[in-house]
Amino acid sequence: MKRLRSRRRATALAVSVSMLASVGIAACGSSSGGGAGQASLTWFINPDGGGSNPKGGGQAQLAAECSTSKYKINIQLLPNSASDQQTQLLRRLAAGDSSVDLMSVDPAYVTQFAAANYFAPVPAAMVKQIKSGGTVQSSVTASTYNGKIIAVPFWANTQVLWYRKSVAKKAGLDMSKPVTWDQIIAAAQKTHTDIGVQAALYEGYSVWINALVAGAGGSIVDNPNADYQHIKMGLNSAAGRTAAQIIRKVSDTGVGGPALSSSEETQALNLFQAASSSGFLVNWPYVWAALNTPPKVPWINDVGWTEYPESVAGQPARPPFGGIELAVGRSSAHVGLAYQAAQCITSPSHQAQYMIGTGNPAAAKSVYNEPAIKKAFPGGLAALIVQSLDKAATRPLSPYWGDISTALQQRFSPPNNVTSKTPATTQQFVLKVLNGKALL
Amino acid sequence: MDDNLSTKVKSWLGVAAIPIILWTCVPLLFILAESLKSTTALGDPTQNTFGNFWPKDISWANYQLIFTGGAKDLFLPALWHSVVVCLASTVISVVLAMFCAYAISRLDFPGKKVILTTALAVSFFPVIAMVTPIFNLWRQIGLFDTIPGLIIPYLALTLPLSIWILSAFFQQIPWEMEQAAQVDGATHWQAFVKVVAPLAAPGVFTTAIIAFFTAWNDFVFSLNLTAQNARTVPAALAFFTGASQFTQPTGAICAAAVVVTIPVVILVLVFQKRIVAGLTSGAVKG
Amino acid sequence: MSAAVETAKHASPQKRQRAHLTDRAKAERSLGWKLAGPAFVVMLFVTLWPIADAVWLSLFNYRLTDPAGKTFVWFQNYITALSDPLFWQTFVTTFAIVIFTLIFELIFGMALAMVMHKIVIPRKTLRTIVLIPYSIITVVSAFAWTYAVSVSSGFMNYWLHFITAGGFPLDYDWFGGRWSSLFIICLSEIWKTTPFMSLLLLAGLAQVDSSMEEAAQVDGATWWQRFYKVVLPNMKAALMVAVLFRTLDAIRIYDNPYVMTGGAHETTTLSMLVSNETITRVEIGMGSCLSVILFIIVLIVAAIFVRGFKVDLTSSGGN
């Protein structure tokens, strides 16, 4: 039951939901009562800040607003963790369940489903629209498999570096320029503060490892489209060893906090909120709403943000990519209507509404120019998010990412056991697992 | 019985019963207590008494959540599915087992030992291992996530059990009456319907209760062979989500757990003697 | 469940009596199969067929999401599984749970049975109350214990803190390590299944001839001597059946660890390993192979009991 999340975060988002009122948005269609010709679409959503409340600012509200006289969108809540969501959807899709019309799919398993041919093809008009440049690049990449668009970008997440301005100043760190992991580790050591990271045994740890490897110019999987027999890994490389070295250094210097090996997003944020240890934090943009919502941290004006740290000095960072893509089930009885609904849900105005309602960033670039967004993500934060999203590195878009990620987390845990040999042994282990020569 | 026990021993045994009763009840009372806590009390020990055990202020919010609120769509259908699937599989397996057990205990035919041995062997087959082949077949013939698609695998749990318990029960029936009926010219079938069935009814009923408990308890089949149209309560509990992404479903799970526990507790209270007899009948006979 | 027994021996006297009634015997045979057949066929379909299918699938490298990559690999999966450290780790975890729960269930179950056997005052109440854990859904028991020891909402740490006069830390995370997690899993398992165990033992106790006990008492035997020399040997059959049933049941443990830890901190059991492979990773071939191995383990344990400890399943109950 890995459902521990801070209540603080909940309040933060609940309050930001109330800001919704400030954005005037017209629903795509008028939601009239269920007429005889009204089709019923089921949308499987991952839990978000709005839950199943049709006025909660989340996907449930989008479902209500996007229902028209032609179709009504019903929501089905998936479990919390990405791997439970994958199991649930996969079972239905494998069984050819015609009730899976729309689904919110995590990038961690979108390619697995696409490779298994579980998605209905995206209509040409929508493909054209997705490719037209209005969507952040990382989100387009994450919706592509084997050169084809297989899902519709909905929202796009990325991490930024949060820091205390006073701490950076005390350490003599110039935050106007990109900083490296080595620099912030040294700064945190010097100022006796912590760096909040995600290194527990869960998908978030793979997110961190992937960002470090990509930032050092490498990739965990070189040919993500290949089948398991021909897959080539790039983890056992200079970039892989750089990533391992950074993780070990965070652990050895103690700047990762006392419970590094069980640190998820929430624990990392708690570390940043505690005045005694607060220094740096890599985390998703919801952090801003969490910090800025009453009871605010007393030093809210001391909070700064900048681009994700570089793995190697001078080489641009590749921040992590997250978010959700929308997909339509191949066995759906209403593929056409489902894509119409997807079009409505992913319209820029709904993405903006969703971004304010839940703190989850939009995939459409135009959203970030809206005044309401700039107000909710002030001080250049909105611009930083969209800029990071364009550079963000997706996790390898391999159908086997689920296995690769689990193996990665296991072999890199706990962080204080990571050595320069870890990338090589992990790579060997992953290849054995994929070829059915080892259990996971 | 045991009239020779001294009063001292009797009272000591009475005292010994107290920790046993406590040990049995505390976890159950705690589930009840959790279900009566408000969301804030669940994470705040100062709002509870007896060492974070019982809430100072009782809240019915969790029950509202599962009966009328956000978790309604998850819980109420699951409760319905549980009742339907468990009753159906119980009835089917008890009826089949009734004939089978009668034949085993009364008639002479080759292969009865095979039937009993098979029943014994399959009831210890790891349930999880049956899931994948059944899922594979179900998804091809469209039984995935349907009520019959769950009733059939439940028979794997209830049928062998019913065959044993009933076979043991049927040993204890005074068969002379059946033989007397046959002497009077009745056929096997008539003897069965007129004489044996009424005699066997209590045993059949007990078997049904035990089979029902077994089906009611299933988690693995429901977890893996259903999605929503046939999901039963134990699996639904594992997939409860809170009111939003950031709230834990603790209260709702506990409230649902209390609701599904009430019927079995009532069954136990009413039929205590029968259940004990059913569970131990094979061993008691002597 | 103990009713497994006892039934088969019944037939033989009748057989001799009716040897000359050939027509009648024939009719009886056919009626026997007519009555028993449907149940037998259904039982075979719902159990033996999946077993056979699992054996067949275990010879493939087959991933559900990649049907094109399905290849026949003979016994490769078995070699991989049996030489994999993870398999042996789950094996150790499973048997640690089996042995630990069995020992405590036997001790508690026996104590409980002896109290129930002799108790007079709350006799009916006690018998009813111990039945309740047996009837509770395992998942509910798992949630109850999970929340009971949880740092934020549980009472266990507070009670232990109180009992040890502040010695036990309030923020002790039971699910933070392997052995403490396993301890809680075992606790839930013991709580749920001890009553069943004690009822089987109670039935055994009832068979012990109380005059033998009295005779021993007259001869000056202590309580322990009477228990060890008279009671135990006389209920050995019931004891062994109870142990066998609980062992075979415990080897399949799944619900408790699934709900309580999800397999974290090396608490994955064999059944969970099977479900990780077949359900989460959709590696049908490897998962089926592990199912078959698990079934074989169950058979081996059953064989050890039946052969080694001479548990006669077809006649144990009565004598």
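Biologist: In this predicted model, which residues have the most contacts inside the largest nonpolar core?

Modeller: In soluble globular proteins, nonpolar side chains tend to be buried together. Here the largest nonpolar core has 334 residues, and the largest share of this core, 16 residues, is given by helix H7 of chain B, which covers residues 147–171. Those with the most contacts inside the core are A:Ala341 and B:Cys100.

Biologist: Leaving aside neighbours within four places in sequence, which residues are in contact with A:Ala341?

Modeller: Two residues count as being in contact if their C-beta atoms, placed from the backbone, lie within 7 Å. Once the neighbours within four places in sequence are set aside, the residues that touch A:Ala341 are A:Leu41, A:Cys66, A:Tyr71, A:Ile73 and A:Leu102.

Biologist: Which strands are the edge strands of the open sheet in chain A?

Modeller: This open sheet of chain A is formed by five strands with mixed pairing, and their order is S2-S1-S3-S11-S6. From one strand to the next, the twist averages 15°. An edge strand pairs on one side only, and in this sheet that is the case for strand S2 (71–77) and strand S6 (152–158).

Biologist: Which element gives the largest share of the side of domain 1 of chain B that touches domain 2 of chain B?

Modeller: The domain assignment divides chain B into domain 1 (1–59) and domain 2 (69–284), and their centres, taken over C-alpha atoms, are 31 Å apart. Seven residues from domain 1 of chain B and seven residues from domain 2 of chain B take part in the contact. On the side of domain 1, two or more residues each come from helix H1 (7–35) and helix H2 (39–43) of chain B. The largest share of that side, four residues, comes from H1(B).

Biologist: Against which elements of chain A do the buried residues of H8(A) pack?

Modeller: Helix H8 of chain A spans residues 181–191, and its buried residues include A:Trp181, A:Ile184 and A:Ala188. Just after H8(A), A:His192 takes a positive phi of about 55°. The buried residues of the helix pack against helix H7 (165–170), strand S8 (194–196), helix H10 (238–252) and strand S9 (278–283) of chain A.

Technical notes. Residues are numbered from 1 along each chain as its sequence is written. Chains are lettered from A and ligands numbered from 1 in the order in which they are written. This is a predicted model: local features need pLDDT of at least 70, side-chain atom pairs count only at pLDDT 80 or more; totals for chains, interfaces and linings use all residues. A nonpolar core is a set of buried Ala, Val, Leu, Ile, Met, Phe, Trp, Tyr and Cys residues joined through C-beta atoms within 7 Å. A residue is buried if 20 or more other C-beta atoms lie within 10 Å of its own, exposed if 12 or fewer, and partly exposed in between; C-beta atoms are placed from the backbone. Two strands pair if DSSP finds at least two bridges between them. Axes are lines fitted to C-alpha atoms, for helices over the stretch in contact, and angles run from 0 to 180 degrees between N-to-C directions. Domain bounds come from an automatic or database domain assignment.
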